[in-house]
Amino acid sequence: MKPGVLIFYRIMAYVTAVLLILLCAAMVLKYGHFLGLWPEGSATQQTGTTWVTTIGIAHGWLYMVYLLVAVVATTQLRVPMGRMLLVLLAGTIPFGAFFAERKVVRWHELRLAGKPIVQPQTAEETTAS
């Protein structure tokens with residue numbers, strides 16, 4: 001894989017993850033009145049509403065960029081389709097992109113070392129399952 005693709009993927013994974021965590025925090029501000037944390041229509045709720053809109057739009061657009069970069073990175077690494085889909089979905093789960101980023105970097109290191117990403121099963125494992 002080209003080094004620039006890996007660096008751009010790592011940046012997008014972190015940006016996507018941080019924005020999703022901030023979006024979750026903003027949603028607590030917006031909907032906290034249902035838990036009795038503050039009254040409905042308060043300044044806190046209005047701030048949360050504004051932040052949900054702003055962060056939500058930013059996360060949505062940057063998640064599209066993350067998807068494109070993740071497809072390029074996992075395709076260049078020749079990752080199996082199931083694992084590729086998990087990497088793509090990681091941007092929708094809080095903290096998920098952090099874990100996916102570490103996995104993709106590990107797969108890159110394995111490819112550089114000439115090792116397979118998926119360990120082949122032995123005959124014993126195949127008969128046991």
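Author: Helices (H or I, at least four residues) and strands (E, at least two) are DSSP runs, numbered from the N terminus. This is a predicted model: local features need pLDDT of at least 70, side-chain atom pairs count only at pLDDT 80 or more, and totals for chains, interfaces and linings use all residues. Residues are numbered from 1 along each chain as its sequence is written, and side-chain values use heavy atoms, with hydrogens and water left out.

Reader: How far apart are the end C-alpha atoms of residues 8-106?

Author: UniProt, in an unreviewed entry, lists these residues as "domain: DUF3817". UniProt positions follow the numbering used here, feature names are shortened, and annotations may be inferred rather than shown by experiment. The span is 79% helix and 0% strand, and its end C-alpha atoms lie apart by 16 Å.

Reader: What is the end-to-end C-alpha distance over residues 84-100?

Author: The unreviewed UniProt entry places "transmembrane region" at residues 7-29, 49-72 and 84-100. Residues 49-72 are 100% helix, with end C-alpha atoms 35 Å apart. Residues 84-100 are 65% helix and 0% strand, and their end C-alpha atoms are separated by 10 Å.

Reader: What distance separates the end C-alpha atoms of helix H4?

Author: H4 covers residues 96-112, which is 17 residues. The expected span is 1.5 Å times one less than the number of residues.

Reader: Which helices do the buried residues of H4 pack against?

Author: Buried means under 20% relative accessible area; exposed is over 50%, and partly exposed lies in between (1.4 Å probe, protein chains only). In H4 the buried residues include Gly96, Ala100, Val104 and Trp107. Contact means heavy atoms within 4.5 Å. The partners are H1 (3-31), H2 (43-76) and H3 (81-89).

Reader: Which residues does tyrosine 9 contact, leaving aside its neighbours within four places in sequence?

Author: Tyrosine 9 is among the core residues that touch the most other members. Its contacts beyond those neighbours are Tyr66, Val69, Ala70, Ala73, Val87, Ala100, Glu101 and Val104.

Reader: What angle lies between the ring planes of tyrosine 63 and tyrosine 66?

Author: Rings of Phe, Tyr and Trp (its six-membered ring) pair if their centres lie within 6.5 Å; planes under 30 degrees apart count as stacked, over 60 as edge-to-face and the rest as tilted. These tyrosines are 3 residues apart in H2, so about one helical turn separates them. Tyrosine 63 and tyrosine 66 are both buried. Their rings are stacked, 6.0 Å centre to centre, and the angle between the planes is 20°.

Reader: Is the pair of phenylalanine 95 and phenylalanine 98 stacked or tilted?

Author: Phenylalanine 95 is partly exposed at 47% relative accessible area, and phenylalanine 98 is partly exposed at 21%. The ring centres are 6.2 Å apart and the planes stand at 45°, so the pair is tilted.

Conventions. A nonpolar core is a set of buried Ala, Val, Leu, Ile, Met, Phe, Trp, Tyr and Cys residues joined through side-chain atoms within 4.5 Å.
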